[in-house]
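Keep the model open while you read.

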Amino acid sequence: MDRELWFDVLVVGGGGAALRAALSAHECRAKTALLCKKRAGKSGATYYSVAEVGAFNVPDGAMDPEDNQEEFYRDMETAALGTARLPLCRILAEQAEGALRYLEDISGGQVFGKLEDGRFQVYQACFSTKPRSHVVQNHFKPILKALGEEIGRTDITVLNDLQAVELLTADGEVGGVLALDEDEQFVVIHAKSVVLATGGASRLFQRNMYPADITGDGYAMAYRAGATLSNMEFIQAGIGVAHPFINLFGNYLWKANPHIRNAAGEDILMKYGASPEMEKQALREKTHFPFSARDMSKLIEIAVQTEINEGGGTENGNVYLDFLDTDFEKLFQEDPSFEAMWNYTYGWHLERGIDFYRQPIEISCFAHAINGGILIDEEAASDLPGLYAAGETAAGPHGADRLGGNMSVTCQVFGRIAGGVCGKTGR
């Protein structure tokens with residue numbers, strides 16, 4: 001490989017935000033490159049199937065005709081507790097449906113789950129007041145497949161197996177990236193604009209739901225170069241299946257009122273001070289995957305992690321959760337939308353050796369997404385000229401809490417914006 005390369009736009013990353021940014025820049029006829037530490041479209045958090053389904057929020061009224069952009073915006077504002085940049089929330093609310101239509105168009109309708117009558121399969125995800133999370137089966141791999149195939153139809157330069165290590169700056173502006181190849185030789189990539197879409201940093205935690213390549217590279221490079229970071233303290237952590245594989249525990253599963261016990265069979269919520277009424281309230285209010293101090297559900301993560309810390313867990317360092325007393329027939333009658341989600345989730349786990357109807361599962365607390373990052377404006381630009389960010393690398397549209405299903409759509413909306421601005425302006 002040449003030791004020096006020149007482009008108009010350089011996108012760093014290989015997931016959903018990065019691929020969308022590269023396509024958007026290319027649509028503006030900019031000479032575009034995509035730099036990835038592994039394989040573009042085959043790595044990063046978007047590719048890492050840590051759940052049976054992914055969620056993609058669109059306020060199109062697919063399940064609730066009263067949902068709309070304003071309801072979506074208000075949900076984001078409420079979840080953020082005063083810590084999001086509301087103009088970015090507004091953009092997300094207005095452009096989410098366009099992002100869905102784009103993915104539907106380039107994939108021939110193969111990204112989002114459909115019901116038998118052809119309607120989108122939708123459920124109500126974390127911190128939302130309306131069911132607007134469009135289901136993507138097998139997490140977000142279908143999104144990457146669609147974007148990757150579209151990349152393959154272009155002349156975008158894909159630079160795989162390169163580790164970006166430093167932003168190149170001169171006179172207070174970003175002008176490219178210094179990278180290392182597999183032989184640990186430096187490669188200098190010059191660019192008029194750089195888009196960082198390198199994902200989050202949850203791999204820094206011992207127990208996490210992220211692949212090995214998500215280590216906060218974008219945050220570190222941007223910070224060293226002088227860009228502002230925001231909301232980095234808001235790190236999502238929540239309950240996940242811990243053995244024999246790691247899988248996010250969907251927020252809808254708490255409707256089945258599972259039991260949580262330690263290795264000795266003790267109810268751990270009551271062990272740590274919860275009354276029967278408090279336990280019921282905690283389960284009822286656990287409508288979101290991540291831990292949040294805003295409601296009684298916080299008792300669940302606190303009890304689980306405390307019991308593990310105190311040595312009361314399994315030999316694998318987890319605790320047990322089971323659905324053995326759940327009346328599923330009654331639950332299905334009360335909530336038909338739950339039945340559709342449950343059947344897919346049950347089958348996913350059964351294929352991997354876990355039968356929810358017959359056995360307890362091992363769970364633990366895991367680090368997940370980071371709601372902060374490089375602070376961006378409405379054009380996905382940082383306060384460092386020449387530097388843009390999208391996806392989990394960027395801060396702004398999320399805050400103290402984030403709607404489940406919002407990170408995936410954020411990647412597409414602000415990936416498109418970042419690439420388009422860079423491609424049109426050259427800066």
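About 230 Å³ of space lies in the second largest pocket. A word on terms comes next. On a 1 Å grid over the protein atoms alone, a pocket is an open set of points with protein on both sides within 12 Å along at least five of seven lines, while a cavity is a set where a 1.4 Å probe fits but cannot get out; lining residues have an atom within 4 Å of a point. Grid points are joined across faces, edges and corners, and a volume is the space filled by probe spheres set on the points.

This is a predicted model, in which local features need pLDDT of at least 70, side-chain atom pairs count only at pLDDT 80 or more, and totals for chains, interfaces and linings use all residues. Residues are numbered from 1 along each chain as its sequence is written, and side-chain values use heavy atoms, with hydrogens and water left out.

Which residues lie nearest the centre of the second largest pocket? They are G41, K42, L144, K145 and G148, out of 14 lining residues. Helix α5 (residues 141-152) gives the most to this lining, with seven residues. Helices (H or I, at least four residues) and strands (E, at least two) are DSSP runs, numbered from the N terminus. By class, the lining has seven nonpolar, three polar and four charged residues. Here Ala, Val, Leu, Ile, Met, Phe, Trp, Tyr, Cys and Pro count as nonpolar, Asp, Glu, Lys and Arg as charged, and the others, Gly among them, as polar.

Now turn to the largest pocket. Its volume is about 830 Å³. Of its 40 lining residues, W254, K255, L283, R284 and T287 are the closest to the centre. The elements α3 (69-80), β4 (122-123), α8 (276-284), α10 (328-334) and α11 (336-351) each supply at least two lining residues. The largest share, five residues, comes from α8. The lining holds 16 nonpolar, eleven polar and 13 charged residues.

E71, F72, Y73, D75, M76, A79 and A80 of α3 are buried, that is, under 20% relative accessible area, with exposed over 50% and partly exposed in between (1.4 Å probe, protein chains only). These buried residues pack against β3, α4 (86-107) and α12 (406-425).

Three strands form an open antiparallel sheet in the order β3-β5-β4. Both β3 (53-57) and β4 stand at the edges with a single partner strand, so one side of each has no neighbour in the sheet. Strands pair if DSSP finds at least two bridges between them. Two bridges join β4 to β5 (residues 133-137), and Y123 stands opposite S133 in β5.

Finally, check the backbone. H139, in the loop between β5 and α5, has a positive phi of about 55 degrees although it is not a glycine. Is H139 buried or exposed? At 9% relative accessibility, H139 counts as buried. R29 is not a glycine either, and has a positive phi of about 70 degrees. R29 counts as exposed, at 81% relative accessibility. A cis peptide bond joins H243 and P244, with omega about 5 degrees.

Terms used:
Contact = heavy atoms within 4.5 Å.
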